[in-house]
Amino acid sequence: MNYAQFFEDKISGLKAEGRYRVFTEIMRHVSHFPEATHYTPQGTNDIVVWCSNDYLGMGQHPVVIAAMHEAIDACGAGAGGTRNISGNNRYHVLLEQELASLHGTEAALLFTSGYTANMTTLMTLGAVLPGCIIFSDSQNHNSMIEGIRHSRAPRQVFRHNDVAHLEELLAAAPANAPKLVAFESVYSMDGDISPIEKICDVAEKYNAMTFLDEVHAVGMYGRHGGGVSERDGQSARITFIQGTLAKAIGVHGGYVAGTKAAIDFIRSFGQGFIFSSAMPPAVAAGARASIRHLKEHNEIRERHQERAETLRQKLRAADLPVIVTDSHIVPVLVGEASRCKRASDLLLEEHGIYIQPINYPTVPRGSERLRITPTPLHTDAQMDALVAALQAVWAKLNLKMSA
């Protein structure tokens with residue numbers, strides 16, 4: 001077999017479909033977000049970023065930067081390896097305590113990423129609990145799907161946010177079998193929100209544990225930023241709350257929170273935790289400072305929601321095909337991979353606006369879109385410039401407007 005030719009052919013296929021991923025080289029600048037510098041072979045350009053998952057701009061907040069400087073000056077750059085070998089750095093302990101406080105749980109456990117937190121926790125639960133059946137929402141993130149798959153536990157997939165279908169599956173399962181319902185709070189591509197209370201009602205009825213991914217909600221919903229489960233008063237009913245430190249918190253890493261026994265179980269049996277080097281102490285310090293700040297400043301969340309709604313209204317007024325949701329995510333439908341990529345390129349090249357295209361397999365074929373994430377720092381003027389640029393690109397590519 002000609003291995004090099006095989007690799008080249010597969011990449012050529014992606015390019016032909018318009019699904020080849022191109023990484024845009026940019027540099028964000030402290031105190032100027034969402035503005036950034038775009039690097040090209042021809043030089044540099046000033047751009048406005050509209051697709052960052054640093055939803056609240058906390059990655060550049062002075063309190064976060066100061067905490068990271070203090071930690072790196074105190075104990076250096078790295079953690080020295082895994083926590084069981086190199087020890088629990090004090091910053092890791094303090095961050096886990098802060099995360100438990102944020103979610104009102106007894107304990108929390110840090111991972112190197114939200115992906116690893118999801119995969120390790122679900123894989124461990126499914127593999128170690130004898131006879132465990134996992135019930136998974138059809139729109140769950142790849143990290144959850146992979147964790148369930150690698151657990152080799154039986155899996156039942158329920159229709160997206162369909163509580164009645166979930167109950168049908170739970171009712172048909174053996175009554176004495178351990179059960180786990182895995183779902184998300186905010187689904188990141190469509191921006192829809194799950195009915196957490198109703199899912200908990202059904203799970204409790206059939207003695208099932210719950211695993212809630214709050215990756216796209218932690219920091220942004222609830223009076224203290226504990227996510228949609230805090231906002232809806234459901235945190236205490238969730239067995240495992242999973243989140244990330246790389247989006248609204250603005251730094252890096254992931255975690256799960258729950259009872260002391262449940263978290264100790266994952267700590268003791270989760271191979272993705274046991275065999276992974278710990279996050280750098282400065283990262284832990286920055287994340288803790290960000291969480292503490294967001295807990296006390298609900299006005300940031302209020303401003304964020306206002307900015308998202310304002311942009312939605314402007315896009316609808318311009319007859320652009322925005323998918324209307326109740327969350328902070330603002331998707332604009334294109335519907336075809338190559339033109340979605342071309343729209344993204346034109347926005348960057350001709351208008352200085354950076355929005356990455358979202359294509360299959362991240363979203364189903366035919367639902368390709370530009371996923372816009374306004375932050376509290378985007379201005380009305382920047383929104384107006386975005387709307388005008390989208391109108392120009394839509395006209396140039398003859399894309400479909402709203403029905």
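**Close-up 1. Helix H10 and the second largest pocket.** The largest share of the lining of the second largest pocket, five residues, comes from H10. This is a predicted model, here and in every view that follows. Besides helix H10 (260–269), the elements giving two or more residues to its lining are helix H3 (83–86), helix H4 (90–103), strand S4 (107–111) and helix H11 (271–274). The lining of this second largest pocket runs to 20 residues, and those nearest its centre are Arg83, Asn88, Glu96, Leu109 and Arg267. Sorted by class, the lining of the second largest pocket comes out as eight nonpolar, six polar and six charged residues.

**Close-up 2. The largest cavity.** Search the whole structure and you find one cavity of 30 Å³ or more. The largest cavity has a volume of about 80 Å³. Its lining is made by Arg83, His92, Leu110, Phe111, Thr112, Gly272, Phe273, Ser276, Ser277, Ala278 and Met279. Two elements to look for are S4 and H11, each of which supplies at least two residues of the largest cavity's lining. By class, that lining has five nonpolar, five polar and one charged residues.

**Close-up 3. Glutamate 98 and its arginine partners.** Glu98, Arg288, Arg292 and Lys295 are linked in a network of salt bridges. In one of these contacts, the side chains of glutamate 98 and arginine 288 come together at 3.8 Å, N to O. That pair links distant parts of the chain, with glutamate 98 in helix H4 and arginine 288 in helix H12 (residues 281–296), 190 residues apart. The side chains of arginine 292 and glutamate 98 also meet in a salt bridge, at 3.1 Å, N to O. Arginine 292 sits in helix H12 and glutamate 98 in helix H4, so this pair ties together parts that are 194 residues apart in sequence. As background, side chains of opposite charge can pair when their charged atoms come close. For the whole model, the count comes to 23 salt bridges.

Close-up 4. Arginine 312 forms a salt bridge with glutamate 309, and their closest N and O atoms are 3.2 Å apart. Both belong to helix H13 (residues 298–317), and because they are three residues apart there, about one helical turn separates them.

**Close-up 5. A nonpolar patch on the surface.** Met1, Tyr3, Phe6 and Phe7 make a nonpolar surface patch of about 520 Å². Take Tyr3 as a landmark: tyrosine 3 is found in helix H1 (residues 3–17). Tyrosine 3 counts as exposed because its relative accessible area is 55%, and exposed means over 50%.

**Close-up 6. Two cis peptide bonds, and glutamate 35.** Start with the peptide bond from phenylalanine 33 to proline 34, which is cis, with omega near 15 degrees. Proline 34 has its place in the loop between strand S1 (26–28) and S2. Glutamate 35 is found in strand S2 (residues 35–40) and counts as partly exposed at 39% relative accessibility. The C-alpha atoms of glutamate 35 and glycine 352 are separated by 9.8 Å, although the residues are 317 apart along the chain. The peptide bond from tyrosine 360 to proline 361 is cis as well, with omega near 10 degrees. Proline 361 lies in the loop between strand S13 (357–358) and strand S14 (369–372).

Close-up 7. Most residues other than glycine have a negative phi, and most peptide bonds are trans. Arginine 152, though, has phi near 65 degrees, a positive value in a residue other than glycine. Look for arginine 152 in the loop between helix H6 (142–151) and strand S6 (155–158). Arginine 152 is exposed, with a relative accessible area of 78%. Asparagine 161 also has a positive phi, near 55 degrees. Asparagine 161 is found in the loop between S6 and helix H7 (163–172).

Methods. Residues are numbered from 1 along each chain as its sequence is written. This is a predicted model: local features need pLDDT of at least 70, side-chain atom pairs count only at pLDDT 80 or more; totals for chains, interfaces and linings use all residues. Side-chain values use heavy atoms; hydrogens and water are left out. On a 1 Å grid over the protein atoms alone, a cavity is a set of points where a 1.4 Å probe fits but cannot get out, and a pocket is an open set with protein on both sides within 12 Å along at least five of seven lines; lining residues have an atom within 4 Å of a point. Helices (H or I, at least four residues) and strands (E, at least two) are DSSP runs, numbered from the N terminus. Ala, Val, Leu, Ile, Met, Phe, Trp, Tyr, Cys and Pro count as nonpolar, Asp, Glu, Lys and Arg as charged, and the others, Gly among them, as polar. Patches are made of residues with over 30% relative accessible area and no salt bridge: like charges are joined within 9 Å, nonpolar side chains (Val, Leu, Ile, Met, Phe, Trp, Tyr) within 5 Å. Accessible areas come from the Shrake-Rupley method with a 1.4 Å probe; for residues, only the protein chains shown count as cover. A salt bridge is a side-chain nitrogen of Lys or Arg within 4 Å of a carboxyl oxygen of Asp or Glu. Buried means under 20% relative accessible area, exposed over 50%, partly exposed in between (1.4 Å probe, protein chains only). Grid points are joined across faces, edges and corners, and a volume is the space filled by probe spheres set on the points.
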